[in-house]
Amino acid sequence: MTTPASPSTPAARRKARRYALQALYQWQLAGTTLSDIEAQFLAQNDMSKVDRSYFHDLLHGVPARVSDLDESLRPFLDRRVEELSQVEKVILRIGAFELRERLDVPYRVVINEGIELAKVFGADDSFKYVNGVLDKLARRARAAETRPGGAAPDDPPPS
C-alpha cells in the first residue's frame, strides 16, 4: 500500500513550518534524535494536510546547517544566538534556512511566515524582532530579489 503524496500548497507548507518549529524546539531542548522526533510527529499528528516533504526538509536541513545559519543571523541580532528565546531561535533558524536554501520560496513569504509563527508561539513582541532580523538577512541573502524591481545588478533595464 502506498501513501498518498503530501500536498504542496501554501496552507500545507504553513502547517509543515508549524510542525517543524515544534519538532526543532524539541530537538533544541531535549536533544532527541531527528529520526525519533520525526517518527513521533508523523505518528501523533494528522499529517494529511501537511507538506510532509517540506516538514522533513526543514526538520533535517536546519540542524544540518545550524552553525552556518547562526553565523548568517549574527550580524543582525542585538544579542548572542545563545541568548535568544528558544522559540525565536527556532523561527529565525527556519527563516534563515528558507532564505538560503529554499530559493523557490519568495523572501516575502519567508518573512511573513516567520512573523506569523512568532505571533502564535513567541512572546508578545517577538514578531517585530523576527521581522527585523529576517528582513535584514533577506536583503543580504536575496539581494537580487529584494532590490526594487527584483532585478539583479547586471540585468539590462526594462525596455
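Helix axes are lines fitted to C-alpha atoms over the stretch in contact, and the angle between two of them runs from 0 to 180 degrees between their N-to-C directions. The views below come from a predicted model.

**View 1. Helices α2 and α3 pack side by side with their axes within 11 Å.**
The two axes cross at roughly 155°. Angles over 145 degrees count as roughly antiparallel, so α2 is roughly antiparallel to α3. The crossing of α2 past α3 is right-handed. On the α2 side, the contact residues are Leu-34, Ser-35, Ile-37, Glu-38, Phe-41 and Leu-42. On the α3 side they are Arg-52, Phe-55, His-56, Leu-59, His-60 and Pro-63.

**View 2. Ring pairs join Tyr-19, Phe-41 and Phe-55 into a cluster.**
A pair of aromatic rings is described by the distance of the centres and the angle of the planes. The count comes to 2 aromatic pairs. In one of them, the ring centres of Tyr-19 and Phe-41 are 6.0 Å apart, and the planes meet at 75°. Planes over 60 degrees apart count as edge-to-face, so this pair is edge-to-face. Tyr-19 belongs to helix α1 (residues 10-30), while Phe-41 belongs to helix α2 (residues 34-44).

Phe-55 is buried, with a relative accessible area of 0%. The cut-off for buried is under 20%.

**View 3. Two charged side chains sit over aromatic rings.**
The charged end of Arg-79 lies over the ring of Tyr-129, 4.5 Å from the ring centre. The charged end of Lys-119 lies over the ring of Phe-127, at 5.3 Å from the ring centre.

**View 4. Helices α1 and α6 pack at an angle of about 55°.**
Their axes are 11 Å apart. With that angle, α1 and α6 are oblique to each other. The crossing is right-handed. From α1, the residues in contact are Arg-14, Arg-17, Arg-18, Leu-21 and Gln-22. They meet Val-109, Glu-113, Leu-117, Val-120 and Phe-121 of α6.

**View 5. Helix α6 packs against helix α7 (residues 126-141) with axes 8 Å apart.**
The angle between them is about 160°. The two helices are therefore roughly antiparallel. Their crossing is right-handed. On α6, the contact is made by Tyr-107, Val-110, Ile-111, Gly-114, Ile-115, Ala-118 and Lys-119. On α7, it is made by Ser-126, Phe-127, Val-130, Asn-131, Leu-134, Asp-135 and Ala-138.

**View 6. Leu-92 is a buried residue in helix α5 (residues 86-101).**
Its relative accessibility is 0%. Which residues does Leu-92 contact, leaving aside neighbours within four places in sequence? They are Leu-73, Leu-77, Leu-84, Tyr-129, Val-130, Val-133 and Leu-134. Tyr-129 is also the residue whose ring lies under the charged end of Arg-79. Val-130 and Leu-134 are also among the α7 residues that meet α6. Leu-92 and Leu-137 are 45 residues apart along the chain, and their C-alpha atoms are separated by 9.9 Å.

**View 7. Arg-108 is an exposed residue in helix α6 (residues 107-121).**
The relative accessible area of Arg-108 is 60%. How far apart in space are Arg-108 and Glu-145? The distance is 9.6 Å, C-alpha to C-alpha, and the two are 37 residues apart in sequence.

**View 8. The whole protein has 8 helices and 0 strands.**
From the N terminus on, the elements run α-α-α-α-α-α-α-α. Buried residues make up 41% of the 159 residues. Among contacts with a separation of 6 or more, 71% involve residues 24 or more positions apart.

Note on methods:
Residues are numbered from 1 along each chain as its sequence is written. This is a predicted model: local features need pLDDT of at least 70, side-chain atom pairs count only at pLDDT 80 or more; totals for chains, interfaces and linings use all residues. Side-chain values use heavy atoms; hydrogens and water are left out. Rings of Phe, Tyr and Trp (its six-membered ring) pair if their centres lie within 6.5 Å; planes under 30 degrees apart count as stacked, over 60 as edge-to-face and the rest as tilted. Helices (H or I, at least four residues) and strands (E, at least two) are DSSP runs, numbered from the N terminus. Buried means under 20% relative accessible area, exposed over 50%, partly exposed in between (1.4 Å probe, protein chains only). A charge sits over a ring if NZ of Lys or CZ of Arg is within 6 Å of the ring centre and within 35 degrees of the ring normal. Angles under 35 degrees count as roughly parallel, over 145 as roughly antiparallel, 65 to 115 as roughly perpendicular and the rest as oblique. A crossing is left-handed if the near helix is turned anticlockwise from the far one by less than a right angle, and right-handed if clockwise. Contact means heavy atoms within 4.5 Å.
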